[in-house]
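This report covers one model: its confidence, its helices, its aromatic pairs and its cores. Keep the structure open while reading.

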Amino acid sequence: MTIREQNKAEKKRRILEAAERLFTSRGFEQTTVRDIAREAGVGLGTVYVYAQDKHGLLDMMSRDDLARVEREAFADIPPGPLLDRILHVFDHIYAHHARNKPLASVIVRELSFAKDRHQAERAGRFQQFMVRLGGILAAEQKAGRLKADAEIIDTALQIFALHFSYLIFWLSDQMTLDDVRRFFGHGVGLMLDGLRPAPLPHSTQGERHD
């Protein structure tokens, strides 16, 4: 990297770290872009070089972190039962959010329903996650361990919807993280059980019929 590129990367890091500190300690609504600039030790105009508004900073923060977490989650899936492999992926996500639960609450609340210029990018990232999750299910289906007519993407969406529901329960302090993991695992297990092929009937070859 050139000196100019290093300076730019350093300013971006300081801005995102300042935004994270203020969103966590003061709250998203109570924090202004000017506050973030002051906390980061940069000019107000410098912040706008990187993001149009607070939602842009939040999106940048979420995008970089979650992309890394998802790459790691899918890269080191251990061999074993399908349920364990799926839970491995989502355990990475829960663990990531648990590192800073107040910030996770802000990200989920503010970005899940935001109508901004980053909406299409978020939708694209979500589709990529669905393709990866669907790939795990498709491999299981190809091996004959899921029904041949099981809708892979629909199943992946239902699994994510269950995850998101329990994530909300945890972020709103209605459940502990341990309970969320347990109930999510149970729910996904029931879903997968319903997609297992019916056992083949026992062969009657050689049986006597009186």
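Buried means under 20% relative accessible area, exposed means over 50%, and partly exposed lies in between, with a 1.4 Å probe and protein chains only. By that rule H163 is buried, with a relative accessible area of 2%.

## Basis and confidence

The model is predicted: local features need pLDDT of at least 70, side-chain atom pairs count only at pLDDT 80 or more, and totals for chains, interfaces and linings use all residues. Residues are numbered from 1 along each chain as its sequence is written, and side-chain values use heavy atoms, with hydrogens and water left out.

pLDDT is the predictor's confidence in each residue, from 0 to 100. The protein chain has a mean pLDDT of 90. In it, 95% of residues reach 70 or more. Helices here are DSSP runs (H or I, at least four residues), numbered from the N terminus. Confidence in the protein chain is highest in α9, at a mean of 97, and lowest in α4, at 87. Over residues 204-210 pLDDT stays under 50. Where pLDDT is low, the predicted coordinates should not be read in detail.

Helix α2 spans residues 33-40. Its buried residues are V33, D35, I36, A37 and A40. They pack against α1 (3-25), α3 (44-50) and α4 (54-75). G41 follows α2 and has a positive phi, near 75 degrees.

Helix α6 (residues 101-111) is mostly covered, with 8 of its 11 residues buried. These are L103, A104, S105, V106, I107, V108, E110 and L111. What do the buried residues of α6 pack against? Their partners are α1, α4, α5 (82-98), α7 (119-142) and α8 (152-171). N100 caps the N-terminal end of α6. A side-chain oxygen of N100 lies 3.1 Å from the backbone nitrogen of L103. A polar contact is a pair of N or O atoms within 3.5 Å; within protein, one must be able to donate a hydrogen and the other to accept it, and residues adjacent in sequence count only if both atoms are side-chain atoms.

## Aromatic pairs

Rings of Phe, Tyr and Trp (its six-membered ring) pair if their centres lie within 6.5 Å. Planes under 30 degrees apart count as stacked, over 60 as edge-to-face, and the rest as tilted. The count by this rule is 10 aromatic pairs. F74 and F129 form an edge-to-face pair, 5.5 Å centre to centre with 70 degrees between the planes. This pair links distant parts of the chain, F74 in α4 and F129 in α7, 55 residues apart. F74 is buried at 15% relative accessible area, and F129 is buried at 3%.

F160 and F164 form a stacked pair: 6.4 Å centre to centre, 20 degrees between the planes. They are 4 residues apart in α8, so about one helical turn separates them. F164 is partly exposed, at 27%. One aromatic cluster is formed by F74, F90, Y94, F126, F129, F160, F164 and F184.

## Charges over rings

A charge sits over a ring if NZ of Lys or CZ of Arg is within 6 Å of the ring centre and within 35 degrees of the ring normal. K54 lies over the face of F28, 4.5 Å from the ring centre. R182 lies over the face of F183, at 4.7 Å.

## Cores

A nonpolar core is a set of buried Ala, Val, Leu, Ile, Met, Phe, Trp, Tyr and Cys residues joined through side-chain atoms within 4.5 Å. The largest has 33 residues. Those with the most contacts inside it are I86, F90, F129, L137 and I159. At least two residues of this core come from each of α4, α5, α6, α7, α8 and α9 (177-193). α8 gives the largest share, 8 residues. A second, separate core has 23 residues, including A18, L22, V42 and M61.

Leaving aside neighbours within four places in sequence, F129 is in contact with E70, F74, V89, F90, I93 and F160. H163 is found in α8. With its neighbours within four places left out, H163 is in contact with F90, I93, Y94 and F184.

Where is D173? D173 is in the loop between α8 and α9. Phi of D173 is positive, near 60 degrees, in a residue other than glycine. D173 is exposed, with a relative accessible area of 59%.

Definitions and conventions
Contact means heavy atoms within 4.5 Å.
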